[in-house]
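Thanks for coming. Please have the sequence and the model open while I talk.

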Amino acid sequence: MYFEREVVSMAGIATPTLHDSMSGGGVRRTERFDVLIVGAGLSGIGAAYHLQAECPSKTFTILESRNAIGGTWDLFRYPGVRSDSDMYTLGYRFRPWRGAKAIADGPDILNYLRETAHEYGIDRKIRFGHQVTRASWSSEEAAWTVEAAGRDGNTAQFVCNFLYMCSGYYDYVEGTCRGGRACTNIAAASSTRRSGPKIWTTKASASW
Ligand SMILES: Cc1cc2nc3c(=O)[nH]c(=O)nc-3n(C[C@H](O)[C@H](O)[C@H](O)COP(=O)(O)OP(=O)(O)OC[C@H]3O[C@@H](n4cnc5c(N)ncnc54)[C@H](O)[C@@H]3O)c2cc1C
């Protein structure tokens, strides 16, 4: 029944059928959380902090497709990569940026995110190597069923009441050239390809 309802495909990811998702291995046991956060970048870490601080009784986990914290700031490593806006506003209100440079270098931003995640125990909540491929809503259960492809070829299944999409705004798998063609150009990889329908999305911006 779940899979016949309002299936949402995740940004830039081929949406497998239930049959397909099981073909690489199997579906592991289902785990339940109050909240699932997708993405361990700036937004996901911020979302986790506020959830812990304001809703301490809620259970949650973060599903991250890569094996690293930081999203943008871990992916982009080219020389000179830096923020465009000042870190006093891009950084978290709950852990203000103390760096000397307001327009900060990428590696320093990555360290800031790693340290923040570590300081608040958020790094222990992250399931790395879990790429969310599918989510379906059941009105009867008032719950999302979410599938995540693991590197081992298995699909992990989760059920949650609140799905918090912090998956960023571009495709981590491949860039998109003008006209929709896939390309591998690093500059194009940072161009926006709007994601599919989301549930609750967080765009990084100043006002955490
Ligand atoms: C060079 C550069 C400079 C920038 N400077 C600024 C700036 O100054 N100010 C500003 O506001 N923005 C800036 N941005 C935009 C930047 O992307 C955001 O600031 C911010 O880092 C986005 O954070 P995020 O957590 O929302 O998304 P991301 O950093 O994109 O993180 C998303 C995370 O979700 C994971 N994910 C995605 N899909 C899935 C899935 N299906 N399943 C599981 N995990 C998934 C990804 O692996 C990633 O770890 C810049 C971007 C670049 C490239």
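First, the ground rules. This is a predicted model, in which local features need pLDDT of at least 70, side-chain atom pairs count only at pLDDT 80 or more, and totals for chains, interfaces and linings use all residues. Residues are numbered from 1 along each chain as its sequence is written.

Confidence next. pLDDT is the predictor's confidence in each residue, from 0 to 100. The chain averages 81, and 71% of the residues score at least 70. Two stretches need care. Over residues 1-9 the pLDDT stays under 50, and the model has 18 contacts there beyond four places in sequence. Residues 184-199 are also below 50, with 32 contacts in the model beyond near neighbours in sequence. A contact here means two C-beta atoms, placed from the backbone, within 7 Å. Where pLDDT is low, the predicted coordinates should not be read in detail.

Now the overall make-up. The chain has six helices and nine strands. These are DSSP runs, numbered from the N terminus: helices are H or I with at least four residues, strands are E with at least two. Of the 208 residues, 32% count as buried. Buried means 20 or more other C-beta atoms within 10 Å of the residue's own; exposed means 12 or fewer; partly exposed is in between, with C-beta atoms placed from the backbone. Among contacts with a separation of 6 or more, 67% join residues 24 or more positions apart.

What sits in the middle? The largest nonpolar core has 38 residues, and Leu36, Ile37, Leu113 and Val146 touch the most other members. At least two residues of this core come from each of β2 (27-38), α2, β3 (60-63), α4 (87-90), α5, β5, β6 and β7 (155-165). By nonpolar core I mean a set of buried Ala, Val, Leu, Ile, Met, Phe, Trp, Tyr and Cys residues joined through C-beta atoms within 7 Å. Take Leu36. Leaving aside neighbours within four places in sequence, Leu36 contacts Phe60, Thr61, Leu63, Val146, Phe158, Cys160, Leu163 and Tyr164.

On to helix α2, residues 42-54. At 1.5 Å a residue, its 13 residues should span 18 Å, and the end C-alpha atoms are 18 Å apart, which agrees. The expected span is 1.5 Å times one less than the number of residues. Buried in α2 are Leu42, Ser43, Gly44, Ile45, Gly46, Ala47, Ala48, Tyr49 and Leu51.

Helix α5 passes the length check too. Its 14 residues should span 20 Å, and its end C-alpha atoms are 20 Å apart. Which residues of α5 are buried? They are Gly106, Ile109, Leu110, Tyr112, Leu113, Thr116 and Ala117. These cover an arc of only 160° around the axis, so they lie on the same side of α5. The arc is that of the directions from the helix axis to the C-beta atoms. An α-helix has 3.6 residues a turn, so residues three or four places apart point the same way. The buried residues of α5 pack against α2 and α3 (72-75). The face turned away carries the exposed residues Glu115, His118 and Glu119. Glu119 counts as exposed because it has 11 C-beta neighbours inside 10 Å. Its C-alpha is 10.0 Å from that of Arg95, 24 residues away in sequence.

After α5 comes Gly121, with a positive phi near 70°. Then look at Ile122, in the loop between α5 (106-119) and β4 (126-127). Is Ile122 buried or exposed? Ile122 is buried, because 23 other C-beta atoms lie within 10 Å. Beyond four places in sequence, Ile122 contacts Ile45, Ala48, Tyr49 and Ala117.

Last, the strands. Strands β5 (130-138) and β6 (143-150) pair antiparallel over eight bridges. Pairing requires at least two DSSP bridges between the strands. Arg134 has Glu147 in β6 as its bridge partner. Four residues separate β5 and β6 in this hairpin. Most residues other than glycine have a negative phi. Ala142 counts as exposed, with 9 C-beta neighbours inside 10 Å.

β6 also runs antiparallel to β7, through six bridges. Val146 has Phe158 in β7 as its bridge partner. That hairpin has four residues between its strands, and Gly153 takes a positive phi near 90°.
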